[in-house]
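This briefing concerns a predicted model.

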Amino acid sequence: MAEIQNRKKVSPEEEHPRKAFGLAAKDSSGVLSPLNFSRRNNGDNDVTIKILYCGICHTDLHVIRNEWKNAIYPVVPGHEIVGVVTEIGSNVQKFKVGDKAGVGCLVGSCHSCDGCENNLENYCSKMILTYNSIDIDGTITYGGYSDLIVVREHFVVKFPESLAMDKGAPLLCAGITVYNPMKTFSLDEPGKHLGVVGLGGLGHVAVKFGKAFGMKVTVISTSLNKKDEAIKTLGADAFIVSSDPQQIQAAMGTMDGIINTVSAKHDIVPLIFLLKTQGKMIMVGVPDRPLELPIFPLILGGRILAGSSIGGLKQTQEMIDFAGKHNITADIELIKADYVNEALNRLAKGDVRYRFVIDVGNTLTPA
């Protein structure tokens, strides 16, 4: 807190030597407006990236509106960042100027805890988030709704040449969020049956990864009108309307695992019964209210309920390489920077199929 108080004496534009420009929320209205701020100079271990595209994640909405009560204004959101390297430090090994590069949800960690030593920086208690977080020097991090970013090499991923940059950007959050639990809990084996609850930004990518792994994939949704999209467009094998008891009954005990992407309060008991003995349901959505969890459905089938949060840097690189090899991208709506507030309002209403991406390179210009 002292670091934040000290920071208020210096404007964002004067914190660092390098001038930058972006879109920021100034208060809990969440309305974004232009902000002149600054980035640090490129250090020996740093990579500077000219940002070309940045996806809009639901987390951005929560933070800019201070729904999680942790916003540090001004907030420049964005953690699905893809661009081109413009400068590297003397110690940088993986990148050269002109390379395509990506930055996801993390830009720092302690490098010494159990999580970090096991390539799980995403569980480091001292992790530094890409925006709305306190950096090593005590300044606040600013995200990808901006023209450039300076990041330590360890937290930058090489972006495949074969992958479309705009459609690939959301994979740096949405992609790793579903890929991590699928790999961690062995839900990546051909022939296994995967359930995906919710067909939104996370769910539609989970379907694509599941099919690329050779799995049978069933989408579980409250919306019957998503059936054709799930099966005909995304390639799911089956579709269940979660509010239909007969459909749930018919599928009981058939799934090896479930990726649950729903971020609203919902009844998880019927979903647990869809699992086989010792099946696993992994929660990656963050409901706004606590869920009820009767224990008997878990005990009676030896079933597992777990949570998962994004992924470490080694696995994020693995994920984006796999996506490049199998041409897995998000289905996006590419928008201009001046449409971002309208896009956020639409996102709040669930009116997007399935991810907004800002065309930063072509449309973000200083006021």
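Domain 1 and domain 2 bury about 1,000 Å² between them, with 46% of that area on carbon and sulfur atoms. On the domain 1 side, Leu-171, Asp-331 and Tyr-354 lose the most area to domain 2, together accounting for 53% of what that side buries. The domain assignment places residues 2-173 + 331-363 in domain 1 and residues 175-307 in domain 2.

**Domain interface**
- The C-alpha centres of domain 1 and domain 2 are 30 Å apart.
- Contact between the two involves 10 residues of domain 1 and 14 residues of domain 2.
- One salt bridge is counted between domain 1 and domain 2.
- Asp-331 forms a salt bridge with Lys-208, and the closest N and O atoms of this pair are 2.7 Å apart.

**Salt bridges elsewhere**
- The whole structure contains 16 salt bridges.
- Arg-40 pairs with Asp-135 in a salt bridge whose closest N and O atoms are 3.5 Å apart. This pair links distant parts of the chain, 95 residues apart: Arg-40 is in the loop between β2 and β3, and Asp-135 is in the loop between β7 and β8.
- Asp-135 is buried, at a relative accessible area of 10%. Together with Arg-40, Asp-46 and Arg-152, Asp-135 belongs to a network of salt bridges.
- Arg-355 forms a salt bridge with Glu-80, with the closest N and O atoms 2.6 Å apart. The two are 275 residues apart, Arg-355 lying in strand β17 and Glu-80 in the loop between α2 and β4.
- Both partners are buried: Arg-355 has a relative accessible area of 8%, and Glu-80 one of 0%.
- Lys-276 forms a salt bridge with Asp-256, the closest N and O atoms being 3.3 Å apart. Because Lys-276 lies in strand β14 and Asp-256 in strand β13, the pair ties together parts that are 20 residues apart in sequence.
- Lys-276 is partly exposed at 33% relative accessible area, whereas Asp-256 is buried at 19%.

**Helix α5**
- Nine of the 11 residues of helix α5 (residues 174-184) are buried, so the helix is largely enclosed by the rest of the structure. Among them are Ile-176, Val-178, Tyr-179 and Met-182.
- These buried residues pack against β10, α6, β13, β14, α11 and β17.

**Nonpolar surface patch**
- Leu-293, Ile-295 and Ile-299 make a nonpolar surface patch of about 270 Å².
- Leu-293 is located in the loop between β14 and α10 and is partly exposed, with a relative accessible area of 37%.

Note on methods. Residues are numbered from 1 along each chain as its sequence is written. This is a predicted model: local features need pLDDT of at least 70, side-chain atom pairs count only at pLDDT 80 or more; totals for chains, interfaces and linings use all residues. Side-chain values use heavy atoms; hydrogens and water are left out. Buried means under 20% relative accessible area, exposed over 50%, partly exposed in between (1.4 Å probe, protein chains only). Helices (H or I, at least four residues) and strands (E, at least two) are DSSP runs, numbered from the N terminus. Contact means heavy atoms within 4.5 Å. Patches are made of residues with over 30% relative accessible area and no salt bridge: like charges are joined within 9 Å, nonpolar side chains (Val, Leu, Ile, Met, Phe, Trp, Tyr) within 5 Å. Accessible areas come from the Shrake-Rupley method with a 1.4 Å probe; for residues, only the protein chains shown count as cover. A salt bridge is a side-chain nitrogen of Lys or Arg within 4 Å of a carboxyl oxygen of Asp or Glu. Domain bounds come from an automatic or database domain assignment. Buried area is the accessible area (1.4 Å probe) that two parts lose on being put together, summed over both.
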